[in-house]
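Here is a short note for someone opening this entry for the first time. Please read the points with the model in view.

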Amino acid sequence: MILRLRDALRRADADDRGVVLANVIIFGTVMMMIVAGLLVLSTSGAIKSSTDRDYQNAAAAAYAGLADYQSKISNDNGYAVYGTTTNAQFSSAANAVFQGLGPNGVTNPAFVGWVGVPKTGDQWFRYEVDNSQYAAQGILRVRVTGKSGATTRSLVANLKGDGFINYLYFTNYESAQPAVTGAACTSNYQWQTGVSNTCGYVQFAARDVLNGPIRTNDTFTSCGATFNGSVEDHDGTVNRPGGCAASTFNGGAPAATAYLGLPALNSNMSQEARTDLPATVPRPGCLYTGPTTIVFNADGTMTVKSPWSRATQYTVSATGASVASDTAKAASLCGSISALQSSAGATIPTLPSNLVFVQDVPQTNVPSNVNYWGSSFPSAYTNTYCATKVTVSGGSATTSASSTYSNGQGYPAAGEWISGGSYSVWTGYNWATYWRTGSTSDTYGCSDGDVFVSGKFSGAMTIAAAGTVWLTGSVTYVNPNNDVLGLVGQDAVEVWNPARCGSFSGTACTSPALLRRVGGENFEVDAGIASNAGTFWNQNYDIGQPLGTLTVKGSIAQNWRGIVATGGGTIASGFAKNYVYDSRFLTTAPPKFLQPVSTSYGVTTQVEVQPAYLASGLCAKTPAGVCR
């Protein structure tokens with residue numbers, strides 16, 4: 001019995017050891033699984049941390065690449081012509097056209113491969129450029145890809161220059177043009193010291209409301225005006241003359257800004273009619289010569305009369321210039337020469353995202369003057385003052401319906417008297433105002449590159465003139481959401497407002513009055529307006545009874561401050577102003593519009609897209625096997 005009990009206890013003891021051993025084995029296994037799990041978790045965390053870092057660094061590299069391209073285009077406005085379509089699907093799909101991989105034959109390596117981000121050892125970038133919208137709208141599209149480790153990220157950005165079109169109102173000088181006012185003064189900036197005889201400033205009046213951003217290289221002066229957009233000038237101050245109410249700055253306090261240079265000439269725009277520059281002018285526009293009338297029709301067409309035009313597109317070679325070989329194509333786009341020279345004109349569709357340039361009649365037969373006439377005249381110009389100079393004095397410039405002297409386009413109008421500016425004389429008991437008689441030929445030169453514009457515009461186009469853009473009637477959009485127009489006058493963009501004279505004292509007019517416009521009449525211009533060497537103004541602003549409101553929906557850029565009215569709180573003559581900025585100009589511009597001498601390029605839109613390249617440098621492909 002005792003022996004059986006001992007054996008039973010031994011068996012029990014042996015059973016306990018088995019249980020303990022089993023427990024130890026199970027516990028050990030569990031501990032090993034936990035440790036292994038923790039190790040796996042730690043390792044995956046390290047991998048995720050590394051992946052997150054590469055993901056963020058790849059984005060940083062892409063932004064660095066965008067900044068690199070912005071710097072290059074800002075330092076050289078011509079940089080838009082450089083890039084490649086080879087192994088660059090973004091560029092080739094957009095039909096971009098380039099002249100090389102960089103200026104002076106030096107390749108920009110970011111066009112063809114990875115470039116390291118300075119001061120990093122694990123970030124690279126490369127980019128592709130779409131310049132297909134640059135000539136038409138001043139917009140460059142760039143796809144930039146950044147790389148870090150095995151991770152790549154891409155973004156697409158639209159770049160647009162900080163140009164005049166970004167502002168409702170831009171001036172170089174805040175004084176009026178001496179040639180317009182007749183003042184014997186010097187055009188200096190109002191902030192300049194140590195200079196004398198500076199032309200007086202033109203101020204914003206209490207009735208003026210500026211609905212958009214404004215900028216000048218000078219200093220603004222305001223007498224109680226309201227500014228609903230940003231105000232930028234030379235030193236961030238707006239002068240307030242004595243006795244004036246404070247101005248209202250709803251768009252923020254005035255700020256100082258850098259100089260923005262207007263080009264001295266717009267003649268380079270005539271290059272847009274050349275057919276031998278496919279890289280820089282892939283879509284040539286139209287060249288017209290001498291005084292030209294353009295009337296916009298609401299159906300999307302325009303009627304063009306241009307008697308001096310002999311070639312609307314041309315090509316230049318080593319032996320000189322010649323008419324473009326495809327005359328049928330030029331006639332389809334710009335009108336046939338016979339129709340342009342006829343009294344009815346040529347009715348054609350408005351140019352599709354393109355430019356019209358009106359040049360002076362060439363006076364010398366140099367190789368590039370395919371529109372040279374020599375001593376002959378178009379048939380519409382027989383017996384004009386091109387051949388016989390007409391001097392206006394004592395009212396002799398007053399025309400009649402049968403007058404033989406004109407610019408061939410109906411100017412001066414029948415009965416029009418030309419003002420040479422007003423002056424005052426003290427009579428002993430009061431000041432008497434007289435108006436000088438001006439020169440008809442100086443105003444409407446029959447061989448000048450002037451264009452006379454009016455009508456309801458539909459499309460996207462820019463009209464530039466070597467002389468003056470005359471607004472003979474309101475110019476309005478058919479569809480304000482889609483239509484966009486640019487007007488660029490070398491000498492001026494001018495509201496046509498002819499005058500007549502009822503009586504004279506010698507050669508001076510004592511009773512001028514408006515010939516066509518009546519009191520309270522409104523006028524509207526929907527366009528981006530620029531006069532790089534002149535001004536935007538109202539002809540005969542100081543004559544006649546007060547008119548209505550001059551509405552500009554777009555933007556205005558000018559060398560001098562233009563005058564549209566006289567009077568202080570109450571208008572004595574001319575128009576009240578209603579200037580409204582076209583906010584579409586922040587991201588687009590009229591086709592081939594005037595560009596500043598130099599500018600910086602800012603990002604107007606930006607979006608991340610699927611990676612364009614693998615870390616290896618090969619293109620990333622779509623499910624269809626095509627490079628993105």
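1. A disulfide is here a pair of cysteine sulfur atoms within 2.5 Å. Cys501 and Cys509 meet this definition, with their sulfur atoms 2.0 Å apart. The torsion about their S-S bond is about 110°, so this disulfide is right-handed. Both cysteines, Cys501 and Cys509, are buried. Please keep in mind throughout that the model is predicted.

2. How many disulfides does the structure hold? There are 5 disulfides, and two others are described in the next points.

3. Cys223 is joined to Cys244 by a disulfide with an S to S distance of 2.1 Å. The link of Cys223 and Cys244 is left-handed, with -100° about the S-S bond. This pair links distant parts of the chain, 21 residues apart. Cys223 sits in the loop between strand S8 (220-221) and strand S9 (226-227), while Cys244 sits in the loop between strand S11 (238-239) and strand S12 (248-249). Cys223 and Cys244 are both buried.

4. Another disulfide is formed by Cys286 and Cys334, whose sulfur atoms are 2.0 Å apart. Its torsion about the S-S bond is about -85°, so the disulfide of Cys286 and Cys334 is left-handed. Here too the pair links distant parts of the chain, 48 residues apart: Cys286 belongs to strand S14 (residues 286-289) and Cys334 to helix H5 (residues 327-334). Both Cys286 and Cys334 are buried.

5. What is the strand order of the open sheet of 5 strands? The order is S1-S2-S3-S4-S37, and the pairing is antiparallel. S1 and strand S37 (601-609) stand at the edges; each has a single partner strand, so one side of each is left without a neighbour in the sheet. Strand S4 (residues 151-161) and S37 run antiparallel and are joined by 8 bridges. Within this pairing, Val156 has Val607 in S37 as its bridge partner.

6. Thr468 lies in strand S25, which covers residues 468-477. Is Thr468 buried or exposed? Thr468 has a relative accessible area of 9%, and buried means under 20%, so Thr468 counts as buried. Leaving aside residues up to four places away in sequence, Thr468 touches Gly449, Asp450 and Val451, as well as Asp491, Ala492 and Glu494.

7. Asn95 has a phi near 60°, a positive value in a residue other than glycine. Asn95 is placed in the loop between helix H2 (89-93) and strand S1 (115-116). Its relative accessibility is 62%, so Asn95 counts as exposed.

8. Asn197 is not a glycine either, and it has a positive phi of about 60°. The residue is found in the loop between helix H4 (178-181) and strand S6 (209-211). With a relative accessible area of 45%, Asn197 is partly exposed.

9. Which two residues are joined by a cis peptide bond? Tyr411 and Pro412 are joined in this way, with omega about 5°. Pro412 lies in the loop between strand S20 (352-359) and strand S21 (419-426).

Note on methods: Residues are numbered from 1 along each chain as its sequence is written. This is a predicted model: local features need pLDDT of at least 70, side-chain atom pairs count only at pLDDT 80 or more; totals for chains, interfaces and linings use all residues. Side-chain values use heavy atoms; hydrogens and water are left out. Helices (H or I, at least four residues) and strands (E, at least two) are DSSP runs, numbered from the N terminus. Buried means under 20% relative accessible area, exposed over 50%, partly exposed in between (1.4 Å probe, protein chains only). Contact means heavy atoms within 4.5 Å. Two strands pair if DSSP finds at least two bridges between them.
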